[in-house]
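Visitor: Please take a close look at the aromatic ring pairs. How many are there, and how are they arranged?

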Amino acid sequence: MRFRHTFAQGLDHLALAMALCASACMVAIVGLVTTSVILRRFAGTPLHITEDVVGLLLTAMLFLGLPLVTIRAQHVRVSIVSNALEPRFGRLVHVAAMLVGIVFFGWIFLKALPWLEFAWKRNLKTETARLLLYPWMAALPLSVGLTWVIFAGRLTGLLDRERHRAPEEGTTIAPTPSDPNDRDS
């Protein structure tokens with residue numbers, strides 16, 4: 001029980017740290033675009049690095065936010081099928097969803113690693129700003145790797161099926177399971 005709690009808290013803190021980095025990326029995007037517009041207006045030329053850096057920041061922002069959305073189960077859902085199957089096959093639908101997530105994110109993780117290694121070994125840089133790409137590319141395997149761990153934790157029971165955070169109180173709320181066999185001791 002103690003390990004389970006520590007594991008869940010650790011994943012939650014890692015996901016939150018990555019989401020804070022995503023927020024910093026968002027602020028940086030707004031700052032760069034604003035600066036570029038102001039420079040274009042008053043100095044006659046925009047920042048030459050804006051397109052490269054904003055593209056990298058946007059990509060990093062999208063991936064760094066994924067684990068927090070996943071661990072809190074706050075992503076967009078199309079649940080018409082699962083809602084219809086829930087009364088009779090709820091546990092089976094849950095296991096199938098976790099397996100699909102594990103396969104998908106594991107596959108993306110395995111595909112991202114060779115690209116990261118390729119960029120690392122060749123010190124690839126962006127076209128205009130000449131920024132190294134591998135630090136930015138590391139966001140993808142880190143994000144999908146942590147998301148994979150979240151799905152695996154849910155499948156194995158180390159994490160609750162869903163963990164919601166109430167925005168007004170800032171507290172974690174675990175939904176009450178409908179099946180008495182799903183309750184934690």
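Guide: Relative accessible area, computed with a 1.4 Å probe on protein chains only, sorts residues into buried (under 20%), exposed (over 50%) and partly exposed (in between). The model is predicted, so local features need pLDDT of at least 70 and side-chain atom pairs count only at pLDDT 80 or more, while totals for chains, interfaces and linings use all residues. Residues are numbered from 1 along each chain as its sequence is written, and side-chain values use heavy atoms, without hydrogens and water.

Rings of Phe, Tyr and Trp (its six-membered ring) pair if their centres lie within 6.5 Å; planes under 30 degrees apart count as stacked, over 60 as edge-to-face and the rest as tilted. By this rule there are six aromatic pairs. In one of them, phenylalanine 104 and tryptophan 107 have ring centres 6.5 Å apart and planes at 50 degrees, so the pair is tilted. These two residues are three apart in helix α3 (residues 80–122), about one helical turn; helices here are DSSP runs of H or I with at least four residues, numbered from the N terminus. Phenylalanine 104 is partly exposed at 42% relative accessible area, and tryptophan 107 is partly exposed at 48%.

Another tilted pair joins tryptophan 120 and tyrosine 134, with 4.6 Å from centre to centre and 45 degrees between the planes. Tryptophan 120 lies in helix α3 and tyrosine 134 in helix α4 (residues 134–137), so this pair ties together parts 14 residues apart in sequence. Tryptophan 120 is exposed at 53%, whereas tyrosine 134 is buried at 18%.

Ring pairs also link Phe104, Phe105, Trp107 and Phe151 into a cluster.
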